[in-house]
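Visitor: I am new to this structure and would like a close look at one residue in it. Please take me through its surroundings step by step.

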Amino acid sequence: MAQPQSKKIFFENLSGAGKAIAVLTSGGDAQGMNAAVRAVVRMGLYVGAKVYFIHEGYQGMVDGGENIEEASWESVSSMLQVGGTVIGSARCKEFRSHEGRLKAAHNLVQQGITNLCVIGGDGSLTGANLFREEWSGLLTELVEQGLIEADAVQKYSALHIVGMVGSIDNDFCGTDMTIGTDSALHRIIEVVDAIMTTAQSHQRTFVLEVMGRHCGYLALVSALACGADWVLIPEMPPEDGWEDKMCQKLSANRAGMKRLNIIIVAEGAIDRSNRPITTDTIKDLVVKCLGFDTRVTILGHVQRGGTPSAFDRILASRMGVEAVLALLETTANTPACVVSLCGNQSVRLPLMECVQMTQEVQRAMDGKRFEEAVKLRGRSFENNLKTYKLLAHRKPESELPISNFNVAVLNVGAPSAGMNAAVRSAVRVGISEGHKMFAVSDGFEGFSKGQIKEIKWADVGGWTGQGGSLLGTKRTLPAKHVDKIAEQMREHNINALLIVGGFEAFESLLQLYEARSTHEDFCIPMCMLPATISNNVPGTDLSIGADTALNAIVETCDRIKQSASGTKRRVFIIETMGGYCGYLASVGGLAAGADAAYIYEEPFDIRDLQANVEHLTEKMKTSIQRGLVLRNENCNENYTTDFIYQLYSEEGRGVFDSRKNVLGHMQQGGAPSPFDRNFGTKISAKAMQWVTKKLVETFRHGRVFANTEDSCCLLGMRRRALVFQPVVQLKGETDFVHRIPKEQWWLKLRPLMKILAKYKTSYDVSDSGQLEHVVRNRPKESDASVAM
């Protein structure tokens with residue numbers, strides 16, 4: 001994929017001098033808001049602007065006084081890992097009145113503030129846009145009342161607004177994910193996983209209510225992530241007679257030896273007549289019709305609380321920096337914009353276009369145009385709903401298409417969280433497509449030994465939440481067993497292959513492609529899904545398992561830093577996994593608030609190490625008490641973790657002491673994060689649909705024969721798109737010696753980490769600065785709504 005021409009802005013050229021930026025959080029709180037505030041403050045100070053906190057949201061803006069406080073670099077230290085919003089949020093009726101906005105304008109002008117960064121939901125952002133539109137009139141009124149000088153109207157002639165969406169509901173159109181949503185999903189899935197163990201013990205049915213008065217995103221995605229039996233959301237009320245269908249489904253699952261049932265209900269769930277469907281209604285229904293022991297759990301504000309996830313910290317930090325850049329580049333004619341996430345890329349969209357589409361969703365729901373409401377929510381929401389229906393509701397045998405194709409699925413390489421979710425999805429989608437699915441144990445080593453058996457729909461029940469690889473996985477490549485593997489493929493009449501794994505899986509697919517010249521058994525559709533914590537597979541920005549590993553790193557770093565609270569100044573040297581790929585160290589460093597991250601892709605020498613020590617020493621003398629340095633395990637053969645630890649210990653003597661930690665395989669274990677469960681589930685479903693299409697295309701004269709490049713692909717996420725890429729075309733993009741791609745998108749995030757750690761550096765803005773428009777229906781090939 002062609003890389004965009006890079007344009008870099010340097011510290012000296014980033015001019016915010018003379019500008020005053022204020023940041024506020026409004027409406028409901030969401031985890032990650034503090035990370036966004038921190039990024040706005042530090043990026044604003046970095047470019048030379050004055051930055052202000054507005055405490056208690058719009059109420060603080062109206063009240064003024066101590067509520068508007070100048071921020072310093074140190075004032076946002078240690079807030080990255082804190083949930084909620086430390087600058088406070090309050091709903092403000094007074095701001096909705098003209099008089100309230102007049103007071104707010106007066107308070108801002110007194111501080112010279114004409115740039116506002118608003119973090120909140122659609123109501124907060126709508127209010128900000130109205131304030132912007134009225135601004136010049138408000139200043140004129142203030143002059144007439146003698147509250148400001150006449151020249152202030154010219155001096156502060158325009159109010160510039162940039163919004164970031166902070167909402168756990170993910171109910172804002174125009175962005176794939178809002179700040180706080182991923183963390184809320186973490187809270188929900190933690191509870192569901194815990195409930196499932198007790199439900200299984202007693203053969204119970206649990207009805208869980210999650211937040212979402214007007215949006216069913218949390219309910220839908222958590223149902224997808226835990227494999228719930230039934231989900232009820234406001235955008236798509238169940239068809240009339242749903243009560244009987246639900247009870248039949250629950251009963252059938254129990255008959256299939258399943259010991260528990262999970263039903264997830266959004267708090268705003270309704271039926272086709274717009275009547276609310278409550279948890280108690282469902283409980284009474286299940287008890288009456290089935291006699292199952294049923295319990296209700298309402299999660300409530302647990303979903304809003306707790307530490308932000310790694311995803312939300314990274315998202316909020318990227319959005320905060322992008323918001324400051326947007327404010328620097330805005331003019332009097334620039335419309336208020338909102339910083340959004342599209343696939344894996346930050347974009348700027350006109351604020352009111354997003355708000356209007358969000359309001360259209362509610363109007364469609366009120367008018368019972370539910371299909372339209374789902375489409376307006378965006379392709380991400382629509383795909384989640386389609387995937388859930390595909391995996392949760394099995395069609396009767398009589399309704400399944402008869403394909404007579406056999407598809408094998410296997411894991412290759414090291415285990416990673418989310419592999420099992422991908423296999424479950426592949427098996428169930430494959431069965432729905434009419435295929436016979438086969439599971440291969442222990443990778444290609446097991447394949448060569450004939451460890452292949454048919455796998456049924458019920459066999460993969462409960463797999464989404466399990467870590468590791470239930471099929472078993474080995475690093476063995478197929479080249480040494482190619483004859484035996486070909487023999488097994490003939491014996492089991494395998495017509496297509498789906499491989500879930502890391503760099504070894506990529507190498508395996510290349511070897512199988514090359515083996516086509518000598519073995520026609522490999523002339524079949526073959527697809528690979530990237531699954532590795534190292535995120536080192538070419539052709540994709542993200543891999544299944546990397547998010548879970550990042551969360552393990554970030555949670556551990558939080559605990560390690562906390563262990564030094566109340567003690568003398570201390571620096572921690574943390575070693576992460578990843579082979580030669582620095583993804584975990586770099587992105588984990590950004591999410592954990594690291595001061596430095598040493599990686600192979602960015603060579604360093606003793607002078608760099610010395611500069612880092614001096615930088616930390618200076619910070620320790622003036623402000624911070626704890627420092628964090630991450631090191632990728634293979635970043636340098638001489639500058640080992642021990643060497644860096646000893647260097648910091650010696651050079652920091654008298655200012656700080658040092659400790660070291662090697663995180664090891666804890667990064668590879670644990671239950672998969674909600675992101676990895678859904679990423680694995682959705683890309684696996686897409687891959688199986690591709691496999692079906694290829695099988696139909698290549699079936700000629702009673703057999704499957706596929707020998708073209710495009711029949712042996714890797715499915716990866718590239719910027720905004722999910723793309724099937726022939727593996728042979730990815731060879732040129734790969735450094736096989738170090739097992740990494742030659743181009744890696746996340747390297748653009750490293751300057752962001754350095755800026756937030758107070759280093760002077762360059763920042764690549766080749767993807768910034770373009771105001772786009774909201775697209776109602778993106779074409780399928782540009783669907784990157786896998787972010788959740």
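Leaving aside its neighbours within four places in sequence, which residues is Ile282 in contact with?

Guide: Happy to! This is a predicted model, in which local features need pLDDT of at least 70 and side-chain atom pairs count only at pLDDT 80 or more, while totals for chains, interfaces and linings use all residues. Residues are numbered from 1 along each chain as its sequence is written, and side-chain values use heavy atoms, without hydrogens or water.

Ile282 sits in helix α9, residues 279-290. (Helices, H or I with at least four residues, and strands, E with at least two, are DSSP runs numbered from the N terminus.) Beyond those sequence neighbours, Ile282 is in contact with Val207, Leu232, Trp242, Met246, Ile263, Val265 and Ile277; contact means heavy atoms within 4.5 Å. With a relative accessible area of 0%, Ile282 is buried (under 20%; exposed is over 50%, partly exposed in between, with a 1.4 Å probe and protein chains only). From Ile282 to Gly268 there are 14 residues in sequence and 14 Å in space, C-alpha to C-alpha.

Ile263 in β9 stands opposite Trp230. Strands β8 and β9 (residues 261-266) pair in the parallel sense over three bridges, where pairing takes at least two bridges found by DSSP. Both belong to an open sheet of four strands, ordered β8-β9-β7-β10 with parallel pairing. At its edges stand β8 (230-232) and β10 (294-298), each with a single partner strand, so one side of each has no neighbour in the sheet.
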